[in-house]
Every structure is written in C-alpha cells, then in structure tokens.
Amino acid sequence: MREHGIEVIELSPLEGFPDAVFIQDTCLIASRSKKAILARFGEPSRRGEEEDVGAFLAELGLEVSRVREPGTLEGGDVLVTDLGLVFVGLSRRTNRAGLSQLASFLPHVRVVPVPVPGELHLLSVATYLGRRRLAIVLGRVSPKVFAGFELIHVPAEEAYAANMLYLGDDVVLVPAGYPRTRERLEAAGLRPVEVDVSEFWKCDGGVTCLCAPFYEVI
C-alpha cells in the first residue's frame, strides 16, 4: 500500500483479541463527513475490538458514533462507492437494524441492502474497483442489485480472490495465486498487484479485512 502512495497508520497489537488484525470490521470511516461509525459485531467474541479503534479515531478529531443493540454491523459488509452509494450486506454478521442505524448516521448517502445470507461478509464476494466497476462471484451474490455497474466475474473456484482492495489509479491489491482473476482484471484495464495473504486465509481473512480505509468519498 505504501509503495503505491497510500498513507498507512499502523496500530499496535490488541492483546486478548486475536481477530483484531481484521480491523476493517471495527468501523466505517467517512473522512469527508469527519465521522466514524463503530461496529457492533455479529460475532460476540469480537465485541470490544472497536473500543480501541474508536478512541484512536476520536483523537484524530472524528465524530464517533456506534451501532447499538439490536443492530449488528461489521465493516466487511460495507461496500463503499464514489457515487454517493453504499451497499451493505445482510450477512451472517450484519442485520437490518444495523443497516438502518448506519443510514441514519450518513443521511447524505444512499444505503442499499444486499442479501448474502450464507456469507461471512459482502466483501468476501464483491468489491468496488472505481469507475463503476465491481468484481463479484456469481452464485454467491445477485448481480441484479448492481445494475448499471460493469461487472468483472471472479471464477467460483477462485472466489477468495474477490476479497481485493482498490488503491486508485486502476491499481488493485489482490491475493496471490489466482491467475484467472488476474487475467480478467487486466482485461478490464486494471493493474493487479499480488500479495501473499495465505496465513490470513487460514483465519477466513483477506486483503480488505486488514485495513480500515478513510473514505474521502463519503
């Protein structure tokens, strides 16, 4: 990420929370609005990770809100575009109450629900790649909700590669070892940069899970 001009803030390990490396799930940072929304994890064992992140974001001067019971919302279910449009997965970890609370925190943004009941998170099967482009795994999420977008189909046997991170300027960070996905990204005019995240794969984590972007578009 740093090699491609991204400013990276590295936080210290959070003792007692072995999944805390998957920091994306803790929050949504809307830097243009100077707001941060803290998750309420659908996985009870992860509750508490967001407190450390929330304190750090408050120190940066962001207005910090949080999803409250009965809502659950995890950052891995929030797919942000640069079109004033945010898709939120209704998954194993995020429910409609959490989606509604997110929408109330960001009234200037259109929030669209995406049913993915069998998935860990929406970003496990769909990623926004700028310029109205989306990478999706057919059969794991309906393409109908993404009408008007250019869809890049990730092969089912390479579904893990759908968890990729757009860095801007047509550069996309992808897990190494998925040649068909790489070819399709290149055919769409994108420049894939491969990174070995195989150890995180063992914990059901991927490229996007490891960072919490400051979204300047919301």
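Start by selecting Ser65, which you'll find in strand S3, residues 63-66. Is Ser65 buried or exposed? Its relative accessible area is 18%, so Ser65 counts as buried, because the cut-off for buried is under 20%. Keep in mind that you're looking at a predicted model. Now show what surrounds Ser65: setting aside residues within four places in sequence, Ser65 is in contact with Ala36, Ile37, Leu38 and Phe105.

Follow Phe105 to your next stop. Phe105 is one of the buried residues of helix H2, which spans residues 96-105. Select the others too: Gly98, Leu99, Gln101 and Leu102 are also buried. Look down the axis of H2 and you'll see these buried residues fall within an arc of 165°, so they line one face of the helix. What does that buried set pack against? Colour strands S1 (27-30) and S2 (35-38), then S3, S4, S5 and S6: the buried residues of H2 pack against them.

Strands of a sheet pair through backbone hydrogen bonds, either parallel or antiparallel.

Try each pairing in turn:

- S4 and S5 run antiparallel and are joined by three bridges. Select Val80 and you'll find it opposite Val86 in S5.
- S5 (residues 85-90) and S6 (residues 110-115) run parallel, with six bridges between them. Here, Phe87 stands opposite Val112 in S6.

Now show S5, H2 and S6 together. What do they make? They form a right-handed β-α-β unit.

For the last stop, jump to Thr181, in helix H3, residues 179-187. If you'd like a sense of distance, pick the C-alpha atoms of Thr181 and Arg47: they are separated by 34 Å, and the two residues are 134 apart along the chain. Thr181 has a relative accessible area of 4%, so Thr181 is buried. Which residues does Thr181 touch, not counting those up to four places away in sequence? They are Val154, Pro155, Glu158, Ala161 and Met164. Glu158 deserves a click of its own: its side chain makes a polar contact with the side chain of Thr181, at 2.7 Å.

Methods. Residues numbered from 1 in each chain as written. Predicted model: local features only at pLDDT ≥ 70, side-chain atom pairs only at ≥ 80, totals over all residues. Heavy atoms only, no water. Pairing = 2+ DSSP bridges. Helix = DSSP H or I, 4+ residues; strand = E, 2+ residues; numbered from the N terminus. Right-handed = clockwise from strand over helix to strand, strands pointing away. Buried < 20%, exposed > 50% of the residue type's maximum accessible area, 1.4 Å probe, protein only. Contact = heavy atoms within 4.5 Å. Arc of directions from axis to C-beta. Polar contact = N/O pair within 3.5 Å; in protein donor to acceptor, adjacent residues only side chain to side chain.
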